[in-house]
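Subject: Model handover and notes

Hello,

Please find the structure below, with my notes after it. Please read them alongside the coordinates.

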Amino acid sequence: MNTYRWTKRIGIAGIVFLAAIALFVTVVSILGIRVAGIYPEAFRLAAMMTAPFTLGLVAVSTLGAALVETVLRLKRRPAGA
């Protein structure tokens, strides 16, 4: 039985999203590249300032998917089981 199939997908997508942001900020910082005239320090600052919201969004969406899947699983269970 595939337990929490959508929760796993959403969790993995969230981790990939966070990894992409971290990779971008790291590469821009190490290479010292200015993107559209914006210095690497600004990207680091923006990533640090929005980290609680970004991490919270991933956590809440993953937990929300788990809750929905649990509720749907309990509704489909036969009576008395």
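The notes below go through the helices, the residues between and before them, and a surface patch.

This is a predicted model, in which local features need pLDDT of at least 70 and side-chain atom pairs count only at pLDDT 80 or more, while totals for chains, interfaces and linings use all residues. Residues are numbered from 1 along each chain as its sequence is written, and side-chain values use heavy atoms, with hydrogens and water left out.

Helix H1

Helices here are DSSP runs of H or I with at least four residues, numbered from the N terminus. H1 covers residues 5-31. The helix has 27 residues and reaches 39 Å from its first C-alpha to its last, close to the 39 Å expected at 1.5 Å a residue; the expected span is 1.5 Å times one less than the number of residues.

Thr7, Gly11, Gly14, Val25 and Val28 are buried in H1. For accessibility, buried means under 20% relative accessible area, exposed over 50%, and partly exposed in between (1.4 Å probe, protein chains only). The buried residues of H1 pack against H2, where contact means heavy atoms within 4.5 Å. Leucine 31, also in H1, is exposed because its relative accessible area is 57%.

Helix H2

H2 spans residues 40-76 and includes threonine 54. Threonine 54 counts as buried because its relative accessibility is 15%. A polar atom of the threonine 54 side chain lies 2.8 Å from the backbone oxygen of threonine 50. With neighbours within four places in sequence left aside, threonine 54 is in contact with Phe17, Leu18 and Ile21.

Not counting residues up to four places away in sequence, threonine 62 touches Thr7, Ile10 and Gly11. Arginine 9 is 53 residues from threonine 62 in sequence, yet the two are 8.8 Å apart in space, C-alpha to C-alpha.

Methionine 48 also has its place in H2. At 61% relative accessibility, methionine 48 therefore counts as exposed. Its C-alpha and that of proline 78, 30 residues away along the chain, are separated by 48 Å.

Positive phi angles

Tyrosine 4 is found in the segment before H1. Its phi is near 55°, a positive value in a residue other than glycine. With a relative accessible area of 31%, tyrosine 4 is partly exposed.

Just after H1, glycine 32 takes a positive phi of about 65°. Alanine 36 sits in the loop between H1 and H2. Although not a glycine, alanine 36 has a positive phi of about 55°. Alanine 36 is exposed, with a relative accessible area of 78%.

Surface patch

Leu23, Phe24, Val27, Ile30, Leu31, Ile33 and Val35 make a nonpolar surface patch of about 640 Å². Patches are made of residues with over 30% relative accessible area and no salt bridge; like charges are joined within 9 Å and nonpolar side chains (Val, Leu, Ile, Met, Phe, Trp, Tyr) within 5 Å. A salt bridge is a side-chain nitrogen of Lys or Arg within 4 Å of a carboxyl oxygen of Asp or Glu. Accessible areas come from the Shrake-Rupley method with a 1.4 Å probe, and for residues only the protein chains shown count as cover.

Regards

Definitions and conventions. Helix = DSSP H or I, 4+ residues; strand = E, 2+ residues; numbered from the N terminus. Polar contact = N/O pair within 3.5 Å; in protein donor to acceptor, adjacent residues only side chain to side chain.
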